[in-house]
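Q: Hi! Could you walk me through this structure before I start working with it?
A: Happy to, let's have a look together.

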Amino acid sequence: MKQEWIPYLIVAVPLLPLVAAILNAAIYAAAWRRPSARVQYWTILISIAAVIFALAAHFSVLHLHPSLVGEGSATIINPGAWLTLNYPLRLDWAFRFDALTSIMVPVVLFIGLMVQIFSIGYLSDRRNDYARYYAWLSFFMFSMLLLVVAGNLFVFFLGWESVGLSSYKLISFYVEKDAAQRAGKKAFIINRIGDAALLIGMFAIFRVANTADFREIALAFSKGSIAANHANFIALMIFIAAAAKSAQLPLYTWLPDAMTGPTPVSALIHAATMVTAGIFLMLRLEPVFVLAPQASMIVAWTGALTALVAAFIAVAQTDIKKVLAFSTVSQLGLMVLAVGSGAYAAAFFHLFTHAFFKAMLFLSAGAVITFKHHEQNIRRMGGLVRSRPMLALLFWLALAALAGLPGLSGFFSKDHILGAAFALKSGGLVIGSIAILVSLLTAFYSFRLGIIVFHGKPSEADVHHDDVHAAEPSVSFYLPLILLAFPAVAAGWFGLPELFTGYESRFFSYFNHNLPIAPYEFVSLMQWHLAHHAEMMVVAAGSAAALIGVVGALLWYGLMRRRPVAEGAYHGMFSRLSLNKLYIDEIYQAVLVNNYRKIADKVSDMDFRIIPAMSDGVGHLVQTVGSIVARLQTGALAHYAAYSFAGILLLLLILLGTV
Amino acid sequence: MPDLLSIREIVILAFVLFAIGVLGVITRRNLIIILMSVEIMLNAANLLFVAFSRGFNDSTGQIMVLFVMAIAAAESAVGLALVIALFRNARSVMTNAMDKLKDT
């Protein structure tokens, strides 16, 4: 093995899924009329092989790479210009392999592989669509990997847009469902807002730094020649882009609706490929954020509020996937809060651990939905632990990690964020308390979900359908779940807090030493240094909040056997607000969508009046002129003769006059 | 021998003849009369040729007149033949009868 192979291997990582996507698209185009089992095997084989080879390529790079720690350790590949415009605007095909990439790529590929294996069983009743599904799934992974290995903003933007496209295609995968089409469109349109902000941010960066290359951006921003208000503006634009992709407060509404897509796709979107892109963007442009304390405060507050609102909404949802969707929004809020408070490593660490247990949660929810014959309402579930103890165990494991029970991955990563939130100089106490409250609510709704789905009385449907186990997919369901269980439990141990071990953990030192600009100055600007006992207090408070949430759910839903009441029944004010998602969708509908429709109606009215008037007017004009001219044409020979003589006379007069 | 008429008077006469021809072509409907009017116009031109030939003492004009008369003879032969053909077709020599192509 030689070092010269590194660039090819790095480029191969995103290209392999792209090849799989193209091959599957070709298979779909060639064989969608005559689907056969052989074609379906090839589809799955190609997709899975592409991911495995990509993983192999990635680990070969890691093996060959001299070192990823320290200044200038990133590998930058620039095979040439994509487009050369007026100097200095040059669009290069640039790729970059650094610490951030080296962690993100295997997460994307591993989760993607698990999702692909799971989908074989989950979509076994729609085998004819395998090729279309796997084509878009592979394309989704290609887009995300392109975004991850991008070396400049333009390549990044290409990946970013492709992520939006493939998420749209996968959310509306069930072409016969109207709701799926609407949800796909909603996701796409809301992401447009972010895309516009990203473009503005990109061009603003280009304006002030004269480059789109990530390394040169870091250089330009570290020299201190960038005005603070410029940095703040750029950071804000980047944050709006990230908020649309990562489902933050004003723009999160697409994510719960995206649950109409196939459940494995939700797992992919929530864990690896879509919502993490926003966080990744902010981490990638860390040099901008460290110069923008005001914008960072906005980021932190938005994250905290999103986390709280989404956790509150998740408490009363009755759709198993909606609960998980809002929990994702809430966890993303925590990551954004960490980014805003300067704890970049903590944000990335939470992204890392969250990916595993959230993928696991969604995949096991997919298994539950399959076993319940496409039932998603948790009110009609219960007692599943008796027929599927293995699934129950795995689901509980992931739930406990989400709830942040001590020892599991969610606990450690959340602890870092709580610490950063409390340490904030302005509003640290409020934001920290919000984060504690979020932990409490998270533990509560996680355990509520687990208890209602797996315990209590089995629903009548189960009693009748329990004897059809044999036909259910088992390997393709349990293999990914078991493989995901290991990182879901243990991923947290890579980043044990300094508090427990006395030294900076491997994950954090690896990450912190490879940030483009060391954030220490910024962190000391934003955060107090927490004393040892204060940190202990934060850990204790976080654990206590999680435990209170767990105990509350156990008492209310376990011991007192409360069940969520029917949607139309009477609810108290709080549960009504939570059940109806704070009426935010309705408010958007009334304020934005309806008014927009009114304007659109007006405009289309103009279209239907002015443009026909214009085209008809031309016709009328021609007709009028024609009818006047037509009167000259009498049909009488004498008139024509008179005209021609008159013409000759006229010519004669003109000639005589001029000569 | 002094001229009976001056060039000026002959030009006026030619003009009057020409105008009569034009009016004939424009106003009359009988094809034969129209042909006659055309002949009158040609002869008005001939008159001018002769008059100026005399006035400038140049015989070119008189040669031209011979040409014009030859052509006029040919023209009236063809024209009258056409009139006869038309008359056989439409039983009339009036122009308002020739409306076969009119869209009514």
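**A helix pair and beyond**

A: Helix α3 (residues 99-122) of chain A packs against helix α15 (residues 344-371) of chain A at an angle of about 5°, with axes 11 Å apart. Helices here are DSSP runs of H or I with at least four residues, and strands are runs of E with at least two, numbered from the N terminus. Axes are lines fitted to C-alpha atoms, for helices over the stretch in contact, and angles run from 0 to 180 degrees between N-to-C directions. This is a predicted model, where local features need pLDDT of at least 70 and side-chain atom pairs count only at pLDDT 80 or more, while totals for chains, interfaces and linings use all residues. Residues are numbered from 1 along each chain as its sequence is written, and chains are lettered from A and ligands numbered from 1 in the order in which they are written.

Q: So what do we call the arrangement of α3(A) and α15(A) to each other?
A: They are roughly parallel, the word for angles under 35 degrees.

Q: Which residues in α3(A) meet α15(A)?
A: Among them are A:I103, A:V107 and A:F118 in α3(A), and the α15(A) side includes A:F352, A:A359 and A:G366. The contact residues divide into ten nonpolar, two polar and no charged. Contact means C-beta atoms, placed from the backbone, within 7 Å. Ala, Val, Leu, Ile, Met, Phe, Trp, Tyr, Cys and Pro count as nonpolar, Asp, Glu, Lys and Arg as charged, and the others, Gly among them, as polar.

Q: Which residues touch the most other members of the largest nonpolar core?
A: A:I238, A:A359 and A:A435 do, in a core of 223 residues. α15(A) gives the most to this core, with 20 residues. A nonpolar core joins buried Ala, Val, Leu, Ile, Met, Phe, Trp, Tyr and Cys residues through C-beta atoms within 7 Å.

Q: And how much of chain A is buried?
A: Buried residues are 50% of its 659 residues. Buried takes 20 or more other C-beta atoms within 10 Å of a residue's own, exposed 12 or fewer, and partly exposed is in between.

Q: New topic: is A:R388 buried or exposed?
A: A:R388 counts as buried, because it has 20 C-beta neighbours inside 10 Å. A:R388 is in the loop between α16 (384-387) and α17 (389-403) of chain A.

Q: Last one, how many residues of chain A are in contact with chain B?
A: Six, and they touch six residues of chain B. The chain A side has five nonpolar, one polar and no charged residues.

Note on methods:
Angles under 35 degrees count as roughly parallel, over 145 as roughly antiparallel, 65 to 115 as roughly perpendicular and the rest as oblique. Two residues are in contact if their C-beta atoms, placed from the backbone, lie within 7 Å.
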